[in-house]
Amino acid sequence: MADTTTLTLTEEWDKTFPKSEQVNHRKVTFRNRYGITLAADLYEPKNTAGRLAAIAVCGPFGAVKEQAAGLYAQTMAERGFLTIAFDPSFTGESGGEPRYMASPDINTEDFQAAVDFLSVQENVDPERIGTIGICGWGGMALNAAALDTRIKATVASTMYDMTRVNANGYFDAEDSADARYEKKRALNAQRTADCRNGEYALAGGVVDPLPDDAPFFVKDYHDYYKTPRGYHPRSLNSNGGWNVIGCMSFLNQPILRYVNEIRSAVLVMHGEKAHSCYFSRDAYAAMVKDNPYTDNKELLIIPDAVHTDLYDGGGKDAIPFDKLETFFNEHLR
């Protein structure tokens, strides 16, 4: 499959985390089945031989690979895995027009395209490939695991079910036909306005400056995306955000419909104090209900951690990388 798309890739180190001397790093590209070229950072442990287990990492929703996904990928490479952290379609350094759109189908396909890429690398064992999805890409990783039998192990970290939050609002506070109708009415009016204006209006990223009465989860996001801790110039959440209509298709295309048919290993992990913890608790419950393959499923609740603590550790080493290493070593052997 010849790839004729040329992307502009930044070669200098521009991550929100320090570069490790234990791994080799380079930029790579690959194409999904819709013809969109994706950009990724590849992390390879130094002084290794033979075919390695590999992990594809993506997320959070509205972030770029230079943020949390890259930290996860580099750290897992330090622990012996070949990894890639990729930008989803329409965002970051990846291709796709128009920009700043999301799709439950295309973004699930992005994970599968990453598995395609890893499967044909000479130093990767195609029978030992896993994924890590963070925040909104945790839900996408579960959806990919339900579809792609090549994925042998999946970690969903501090996950969001983007279909649920778009359709029902936060904490399911807008779970009614009338509320959804009003959302759809407003989004379709925006479509008309965008068509008239000849461009897509941006919804805005994380609010800044932070209002005094902002909910805790908004403060949590601000503390990551709008400060030196996690700000990145290509991150949607750090800047102008998605298009107003960018996530419209999530309203009626639930992504977790078949998670209880996942046979491969899954670790769902979330912070105890995260506003979003109910997504992981409910997704795990749905995954194990009536599923004969539950021995390799686990829900890990991390004491005292909030949502963004699992982006970068939150200054308290909240990400259980030892656990991730053990999990992938067990299920990618």
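**Pockets and sheet**

A: The lining of the largest pocket divides into 20 nonpolar, seven polar and two charged residues, where Ala, Val, Leu, Ile, Met, Phe, Trp, Tyr, Cys and Pro count as nonpolar, Asp, Glu, Lys and Arg as charged, and the others, Gly among them, as polar. This is a predicted model, in which local features need pLDDT of at least 70, side-chain atom pairs count only at pLDDT 80 or more, and totals for chains, interfaces and linings use all residues. Residues are numbered from 1 along each chain as its sequence is written, and side-chain values use heavy atoms, with hydrogens and water left out.

Q: Which helix gives the most to the lining of the largest pocket?
A: Helix 6 does, with four residues; helices (H or I, at least four residues) and strands (E, at least two) are DSSP runs, numbered from the N terminus.

Q: Which helices each supply at least two residues of that lining?
A: Helix 4 (162–168), helix 5 (177–197) and helix 6 (216–225) each do.

Q: Switching to the sheet, what order do the strands have?
A: The open sheet of eight strands has the order 1-2-4-3-5-6-7-8, with mixed pairing, and two strands pair if DSSP finds at least two bridges between them.

Q: And which strands stand at the edges?
A: Strand 1 (23–31) and strand 8 (297–302) do, each with a single partner strand, so one side of each is left without a neighbour in the sheet.

Q: How do strand 2 and strand 4 pair?
A: Strand 2 (residues 37–45) and strand 4 (residues 82–86) pair in the antiparallel sense over four bridges, and Leu 42 stands opposite Ile 84 in strand 4.
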